[in-house]
Amino acid sequence: MGLTTIDEKWITRIAKGDGEAFQRVYEETSSVVFGFAMSILRRKEDAEDVMHDTFLSLYRNAGSYRPMGKPLAWILTIARNACYSHLKSRQDHTGLDQIREGADPSADTSGSAESRLLLDAALRVLDDTECQVILLHAVSGWKHREIAAFLGIPLATSLSKYRRGIEKMRRALEEKTGDAG
Amino acid sequence: MSRREENIEERIELQLKREIDAAKPDLLESLMNECGLSATETAGDRIHEDIHPEKEGAASRLRQPSRGSVYRFLRSVAAVVVCAVIAASAYRIGLRRGAASPAGTPGSTVTSGPDVTSAPAATVSFDVNPSVELTVDTSERVITCTAVNEDGKELLHGLDLAGTDLHVAAYAIVGALVTEGYLTDDANALLISVMAQDDASGKALEEKLSSELSGFLRRSAVHAAVFGQHAADSTELRDFAEDSGISCGRAALIRSLLARNPRMTEASLLALSTQELLVLWEKRPPAAEASDSPETIDILLGSASTSGFLPQEEAAAAAFAHVGVEAGSVENVRIEFDCEDGFIIYEVEFSAGDRSYEIDVNARDGRIVGAETEDRQEEDDADPEEDDGSDDDDDRDGD
């Protein structure tokens with residue numbers, strides 16, 4: 001299904017100040033960066049900040065990129081570090097769970113309830129790993145093996161988290177639909 | 001896992017992706033500003049650099065949207081130009097009013113543009129292997145768009161460029177030629193031809209168009225060669241193109257080659273690809289008996305690639321071996337491209353001992369397709385001793 005393809009040369013070109021390469025990398029990866037940030041931060045405003053910081057950092061550090069055939073993993077590592085920096089700067093004394101408790105996806109009115117139905121369900125009912133596995137699988141085009149390697153979890157865990165998460169979402173949607181009906 | 005479960009997963013993922021795409025902010029412009037990156041480096045802006053502001057409005061005239069690559073390019077070009085300001089509409093109106101009576105053009109796959117009163121002022125052809133032909137009015141707006149061959153149809157993918165600004169359409173066509181891989185290392189030559197009743201206007205339009213597209217291709221990662229050609233509109237040329245199923249551009253190129261090399265034949269040249277014709281035009285010097293007509297083709301960019309042909313050294317070695325002479329004993333070697341029976345050949349001329357030779361070598365596969373030998377002491381007689389036509393039936397290796 002998905003869908004992210006990046007030529008490593010673009011990152012080399014970004015290091016030389018090539019605006020076209022930057023645009024292409026942005027267009028190819030902004031969805032996966034944003035989705036991944038949402039899966040960690042659970043709040044759109046925070047994910048936007050992290051998305052901004054990620055691409056700024058990508059531009060500034062493009063010169064240190066060493067081609068190893070995994071440009072997306074490199075970009076998502078930047079995004080993950082940006083997520084943790086963001087959490088740390090905002091809530092030095094507040095735990096991640098507490099931040100998330102304060103994050104109510106449904107409070108975000110930037111999209112219609114219908115257009116954010118599944119994303120809100122994912123953010124509401126999935127645990128960290130389930131959410132990351134499912135969103136990465138949906139937007140990155142990575143296989144479970146690549147997702148497991150990136151998240152540092154066994155392949156079997158990635159697969160079981162994925163299936164359990166999908167089942168949770170399906171049930172949540174049915175409940176929501178039932179409520180609505 | 002059951003098929004139903006797979007479907008549920010796919011549907012959930014697809015919808016998630018849509019929702020994420022819809023929810024994500026658009027930070028590109030602010031990031032580029034913050035990074036000090038120039039927007040002129042983007043593909044769309046690269047195109048914009050060469051399009052004049054008065055070319056606004058092309059997108060709104062786009063009809064019959066398809067998923068073809070020309071359409072994708074047209075959208076990207078049009079997205080840039082719709083932002084521009086109409087600066088010369090008055091000039092345009094003046095042009096229309098002041099234009100000389102344009103030539104009537106027999107329509108082929110005609111689709112009328114938005115201005116039904118427009119009549120063709122020029123025919124513009126784009127030839128690589130795909131051949132696409134546009135007729136345009138005096139304000140450089142496309143009246144008809146015709147795919148001249150099957151590759152041209154594939155390139156256009158059903159898209160009708162009628163009503164589009166010529167320059168926007170040209171970028172869309174050339175952009176698609178690049179992305180669809182029609183311009184390759186072996187077939188890198190693009191022929192842009194303008195045929196107008198007023199050849200001076202046609203020449204000016206051709207120079208402007210060729211220059212713009214050369215600039216675009218120069219900045220692309222394509223080692224393209226661009227040939228610009230202008231020709232006076234004539235019924236004879238149109239009939240020749242139509243009867244032969246080729247564009248007016250290719251027809252004019254064949255006419256130019258025949259004028260330069262009267263010993264070539266029309267039938268033989270018609271069998272060649274655009275790349276082969278342009279290799280001949282570029283590499284084969286005019287014959288001594290050529291008519292003294294002015295050149296109407298310019299090379300705007302690069303050089304027609306010969307990488308699809310054997311190296312000259314191999315052709316020479318094949319010629320020497322055919323007549324059993326050692327390379328070390330050969331002198332006065334001259335190798336030129338030529339055309340014979342619908343094939344590109346190397347014409348290898350040389351002397352060895354008391355004899356002189358002219359050996360024709362198929363430039364694709366190295367086969368000998370003709371040989372003549374003369375006694376150097378009897379050169380004045382000029383009677384060929386040998387004419388080896390036994391190899392003339394080799395198969396065309398094709399592009």
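Modeller: B:Phe343 is found in strand S8 of chain B, where a strand is a DSSP run of E with at least two residues, a helix is a run of H or I with at least four, and both are numbered from the N terminus. This is a predicted model, in which local features need pLDDT of at least 70 and side-chain atom pairs count only at pLDDT 80 or more, while totals for chains, interfaces and linings use all residues. Residues are numbered from 1 along each chain as its sequence is written, chains are lettered from A and ligands numbered from 1 in the order in which they are written, and side-chain values use heavy atoms, with hydrogens and water left out.

The relative accessibility of B:Phe343 is 12%, so B:Phe343 counts as buried; buried means under 20% relative accessible area, exposed over 50%, and partly exposed in between, with a 1.4 Å probe and protein chains only. B:Phe343 and B:Leu269 are 74 residues apart in sequence, and their C-alpha atoms are 8.4 Å apart in space.

Strand S8 covers residues 343-352 of chain B and also holds B:Glu347. B:Glu347 counts as buried because its relative accessibility is 6%. Leaving aside residues up to four places away in sequence, B:Glu347 touches B:Arg284, B:Arg334, B:Ile335, B:Glu336, B:Asp338, B:Glu358, B:Ile359 and B:Asp360, a contact being heavy atoms within 4.5 Å.

Next come the aromatic rings. Rings of Phe, Tyr and Trp (its six-membered ring) pair if their centres lie within 6.5 Å; planes under 30 degrees apart count as stacked, over 60 as edge-to-face and the rest as tilted. By this rule there are 12 aromatic pairs over all chains. In one of them, the ring centres of B:Tyr171 and B:Phe216 are 5.5 Å apart and the planes are at 75°, so this pair is edge-to-face. The pair links distant parts of the chain, 45 residues apart: B:Tyr171 is in helix H7 (residues 166-179) of chain B and B:Phe216 in helix H8 (residues 199-219) of chain B. Both B:Tyr171 and B:Phe216 are buried. For B:Phe350 and B:Tyr357, the centres are 5.0 Å apart and the planes at 25°, so that pair is stacked. B:Phe350 is buried, at 2% relative accessible area, and B:Tyr357 also counts as buried, at 10%.

A charge sits over a ring if NZ of Lys or CZ of Arg is within 6 Å of the ring centre and within 35 degrees of the ring normal. B:Arg255 lies in this way over the face of B:Phe240, 4.0 Å from the ring centre. In chain A, the charged end of A:Arg80 sits over the ring of A:Phe150, 4.3 Å from its centre.

Chain A has 9 helices and 0 strands. Of its 181 residues, 49% are buried. A:Phe22, A:Tyr26, A:Phe55 and A:Tyr59 form one aromatic cluster.

Helix H2 (residues 19-41) of chain A packs with helix H2 (residues 28-35) of chain B at an angle of about 145°, with the axes 11 Å apart; axes are lines fitted to C-alpha atoms, for helices over the stretch in contact, and angles run from 0 to 180 degrees between N-to-C directions. The contact is made by A:Gly19, A:Phe22, A:Gln23 and A:Tyr26 of H2(A) and B:Leu28, B:Leu31, B:Met32 and B:Cys35 of H2(B).
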